[in-house]
Amino acid sequence: MTQQPRLIFDIHLDLSFNAVDFNRDLRWTQERIRRRELGMTDHVFRTRNTVCFPEMRRGRIGLCVATQLARTVDYFARMPGWASPPQAWAHTQAQLAWYREMEDCGELLQIRDRAGLDRHLTAWLEAPIEATPPRLPIGYILSLEGADSLVTLGHLERSYAEGLRAVGPVHYGPGVHGMGTDAEGPLTPRGRELLREMERLGIILDATHLCDESFRDALDHFSGPVWASHSNCRALANWNRQFNDDQIRELIGRGAVIGMAFDAIMMVHGWTHNRSKPQDFQLRIEKICEHIDHVCQLAGNARHVCIGSDLDGGFGTEQGPLDLDSIADLGKLGPLLAGRGYSQADIDGFFYGNVVGFLRRALPA
Ligand SMILES: [Zn+2]
């Protein structure tokens, strides 16, 4: 078995989306979840999940950023989505209720501030590596992927009180606050208001999913902390879901960390959704090292990369690297990066240190 790193901080998981939308009990083993889905035909990713709490502990993913996720869509849109912001808000509150249940049974621990982050970090770093998997709760920071569900700006303040610390204003297509992946156009006036309110509250802007024009607009109208929770390089996977070099340079200039994602469609050129297979590309985990190298070359250092795996973002092993069957396989990146000349300090930074440094600046005391 691969030597696991001491700790991995994954800054993009859609845990509650899996629990609430797909009825997966993440306390179960991966095999138990898969077996329950045998014969289910509602989604191609059934029986192919890679994320659950036992696998996170086995891979020492002791910290993550976990989303609430519910977008709205226009009346005639073909994409799935909620009919209106109140509908979407109610759904995000069901997702929040699930996080609270998981806290009550000791699976998760919500991180809201610097002190909480440091306490949790120490607990995981001191948990003996031989005792893997450690019986510690998994720390999570609450984030909102796509902000359509915020019926009013008052809803953002309510969410902040519940621990929300990062917001991505848009998701796929046109949104209430701006234009997301595969759409075009600037932020809406409401989107600019949202950014002002995020700035006032001290909420991190997640630049992931902003289309190019909305990205430009958002960075021009926001002076708080920015990260990209799950975004790869357009130079290596040509689609506006990924960032071009100028955008990556700009994020680096703003002190961002960029979470590398393991969705095949974001890793290679030419993936066709619902048609391509990982075998067609001989896609392996190592491919992500090219994205990591690319960001590090643009930065001139290794301090702006981290993991934002997205491994439970509506796909499974059918759309991921061939040598990744579980989120615990992320640990294989340690030897891969060492083989490419990254120092142990760089690798620790990539696995958790870069994000921790960012959050020590971005979270309230
Ligand atoms: Zn996403």
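Biologist: Leaving aside its neighbours within four places in sequence, which residues is Thr181 in contact with?

Modeller: Thr181 is in contact with His171, Tyr172, Gly173, His209, Trp239, Asn240 and Arg241 once those neighbours are set aside. Keep in mind that this is a predicted model.

Biologist: Thanks! Where does Thr181 lie?

Modeller: You'll find Thr181 in the loop between β5 (164–168) and α7 (189–201).

Biologist: And is Thr181 buried or exposed?

Modeller: Thr181 counts as buried because its relative accessibility is 1%, and the cut-off for buried is under 20%.

Biologist: Which side chain does the side chain of Thr181 make a polar contact with?

Modeller: That would be the side chain of His209, at 2.8 Å.

Biologist: OK, tell me about His209 then. Where is His209 found?

Modeller: His209 sits in the loop between β6 (204–206) and α8 (212–220). With 3% relative accessibility, His209 counts as buried. The phi of His209 is near 80°, a positive value in a residue other than glycine.

Biologist: Which other residue has a positive phi although it is not a glycine?

Modeller: Have a look at Thr47, with a phi of about 70°. Thr47 has its place in the loop between α2 (30–36) and α3 (53–58). Thr47 counts as partly exposed, because its relative accessibility is 26%.

Biologist: Now the metal. Which residues coordinate the zinc ion?

Modeller: Three residues do: Glu145 through OE, His209 through NE2 and His230 through NE2, at 2.0 to 2.2 Å.

Biologist: What spacing do the donors follow along the chain?

Modeller: They follow E-x63-H-x20-H. Glu145 and His230 link distant parts of the chain, 85 residues apart. Glu145 is in strand β4 (residues 138–145), while His230 is in the loop between β7 (226–227) and α9.

Biologist: Are Glu145 and His230 buried or exposed?

Modeller: Glu145 is buried, at 6% relative accessibility. His230 is buried too, with a relative accessible area of 1%.

Biologist: You mentioned Ala299. How many residues apart in sequence are Gln344 and Ala299?

Modeller: They are 45 residues apart in sequence, and 18 Å apart in space from C-alpha to C-alpha. Gln344 lies in helix α13 (residues 344–362). Gln344 is exposed, because its relative accessible area is 52% and the cut-off for exposed is over 50%.

Biologist: One more spot. Where is Val268 found?

Modeller: Val268 is in the loop between β8 (258–260) and α10 (278–281). At 8% relative accessibility, Val268 counts as buried.

Biologist: What does Val268 touch?

Modeller: Leaving out residues up to four places away in sequence, Val268 touches Leu236, Ala237, Phe281, Leu283 and Lys287. Phe281 is 13 residues from Val268 in sequence, and their C-alpha atoms are 8.0 Å apart.

Biologist: Last one: what separates the C-alpha atoms of Ala94 and Gly255?

Modeller: A distance of 33 Å, with the two residues 161 residues apart along the chain. Ala94 lies in helix α4 (residues 85–104) and is partly exposed, with a relative accessible area of 33%.

Conventions. Residues are numbered from 1 along each chain as its sequence is written. Side-chain values use heavy atoms; hydrogens and water are left out. Donors are N, O and S atoms within 2.8 Å of the metal (3.2 Å for Na, K and Ca); water is not among the atoms, so sites may look incomplete. Helices (H or I, at least four residues) and strands (E, at least two) are DSSP runs, numbered from the N terminus. Buried means under 20% relative accessible area, exposed over 50%, partly exposed in between (1.4 Å probe, protein chains only). A polar contact is a pair of N or O atoms within 3.5 Å; within protein, one must be able to donate a hydrogen and the other to accept it, and residues adjacent in sequence count only if both atoms are side-chain atoms. Contact means heavy atoms within 4.5 Å.
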